[in-house]
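Trainee: Could you take me through the side-chain contacts here, slowly and with the cut-offs? I'd like a close look at what touches what.

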Amino acid sequence: MSGLARKLAVLSAGTAMLATMTAGLLASPAAAASGSTQARASAAHGVPKAAVSVGAPKASPSKSTDCPVKVTFSSKIKVKAYGGRTTVAYRWLRGDGSKSGIKKVTLKGKGVKYVAVKESATFKGGDLKSWNSVQVLAPRKVTSAKGYFTVACGEDKGDGGKEEVVKPRPHRHWTATRVWVDERDCKAVATGRISTSGKRWVRYQWVVNGRVVDRDSVYVNGSRRVQYVIEPGRDLRGQVRLEVVGRGGSSDGSYFRIHCEDHSPKVTASVAAPADYSGTCPVTRTFYGTIRVSDADGPVRYRWIRDGVAGSWETVSFYGHGPQSRTLTDSWKASESGTARRAIEIAGGPTSGTAAAKVTCEAAPRAEGLHLQVHGLADRGRVLQGLPGRQRHHLRRGRDEGQVRPEGQRRDGEVRRARLRLGR
């Protein structure tokens, strides 16, 4: 090849390389823009959080009267995953205020997945109505509805009230608790024993039916007894727990049932109405009220409620002891037809039932302008017997408003007749 040919070949190759480089430079901004757009699209369409729902736990058995009994709570967590690995974290919430430890389950892949969860508890005795629920903490925080259960075994059939120190497996520091209850005189005395592996201060709290009612600290050298008195002033039952607060804490509980007898005097009232009345008016009708006491010595204040309107306060006194009663009266003077209602209210106490009485006023009978034809003395006697007493009395006395007057002279064969004109 001649020198001219070689120069032309080199020049052609250089031109081609320059064209390639120029094309590459021109294409680079578009490629970079395309890569950036894809990255933004990927970020915009990132994997969303999984959707979570959880059903209310079911207790098995949900109600038991035989103790000891083991109650198992079960539920399902529904998770809609969008791929990859999804971690589900959950815990149990209990009606006494306590919580279980956090548990975790890892799901793989995408789609709808279910996680079955269970927890069991053993009840030795007592009466309790409580609940459990499931709280999901991840991937979203969701709490289920409450699942209720009932244990009705009467008195605690556990250790019979004997003290028992429960020691866990030995480790560096441990704390144990034990609770028993003495129920008497409308109160429950909860006694707890706190045991430790050495000498130290222990913070603790008492929980009654899920509510913290007392907190304190004690110095424990081996074991220490603590107490809490439940005095509701009424019937109450449930669970009391002793919880050690802080590191190495433990808890224990017992069921209780408080029954309060009311020894205060009972006061009751009742009202009796008179029978319904029909006749002339005005008329007076009397209501009878009775106040009874179970055991009292002193006055009782009361008032009549007349047709819904309260009267003034009055006092009736009782003397001695034992059941007693007093009778009261209240009069109603009716001048026209109507209905009256009465009740008795005890000051600071109950109100009796309402009693009602009815009055129907009727006009007096009238016989004015009545004329009777009387034939002879025999007919006159029969007429007199048929008349009301007052008019018969008038006729017999010969008053102006009731006389037998002759109508004519006696004729042959004719019975003398008389006309009787009756007054009012």
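**Side-chain contacts**

Mentor: Happy to! K76 lies over the face of Y114, 6.0 Å from the ring centre; a charge counts as over a ring if NZ of Lys or CZ of Arg is within 6 Å of the ring centre and within 35 degrees of the ring normal. K146 lies likewise over the face of W131, at 4.4 Å from the ring centre. Bear in mind that this is a predicted model, where local features need pLDDT of at least 70 and side-chain atom pairs count only at pLDDT 80 or more, while totals for chains, interfaces and linings use all residues. Residues are numbered from 1 along each chain as its sequence is written, and side-chain values use heavy atoms, with hydrogens and water left out.

Next, the nonpolar core, meaning buried Ala, Val, Leu, Ile, Met, Phe, Trp, Tyr and Cys residues joined through side-chain atoms within 4.5 Å. Buried is under 20% relative accessible area, exposed is over 50%, and partly exposed is in between (1.4 Å probe, protein chains only). The largest such core has 23 residues, and I77, Y90, V117, F123, V134, V136 and F149 have the most contacts inside it. Two or more residues come from each of β1 (51-54), β4 (69-94), β5 (103-123), β6 (127-138) and β8 (147-152), with β4 giving the most, eight residues. Helices (H or I, at least four residues) and strands (E, at least two) are DSSP runs, numbered from the N terminus. Leaving aside residues up to four places away in sequence, the contacts of Y90 include I77, V117, V134 and V136; contact means heavy atoms within 4.5 Å.

The disulfides come next: there are two, each a pair of cysteine sulfur atoms within 2.5 Å. One joins C186 to C260, S to S 1.8 Å. C186 sits in the loop between β9 (175-184) and β10 (187-208) and C260 in the loop between β13 (251-258) and β14 (267-272), so this pair ties together parts 74 residues apart in sequence. C186 is partly exposed at 25% relative accessibility, whereas C260 is buried at 17%. The other disulfide, C281 with C361, also has its sulfur atoms 1.8 Å apart. Its torsion about the S-S bond is about -90°, so it is left-handed.

Last, the salt bridges, where a side-chain nitrogen of Lys or Arg is within 4 Å of a carboxyl oxygen of Asp or Glu. The structure holds six. In one of them, the closest N and O atoms of R178 and D252 are 3.6 Å apart, and this pair links strand β9 to strand β13 across 74 residues. Both partners are buried, R178 at 12% and D252 at 17%. Another salt bridge pairs D330 with R306, 2.8 Å between the closest N and O atoms. D330 is in strand β20 (residues 324-334) and R306 in strand β17, so parts 24 residues apart in sequence are tied together. D330 is buried at 8%, while R306 is partly exposed at 30%. Through shared partners, salt bridges join R306, D307, D330 and R342 into one network.
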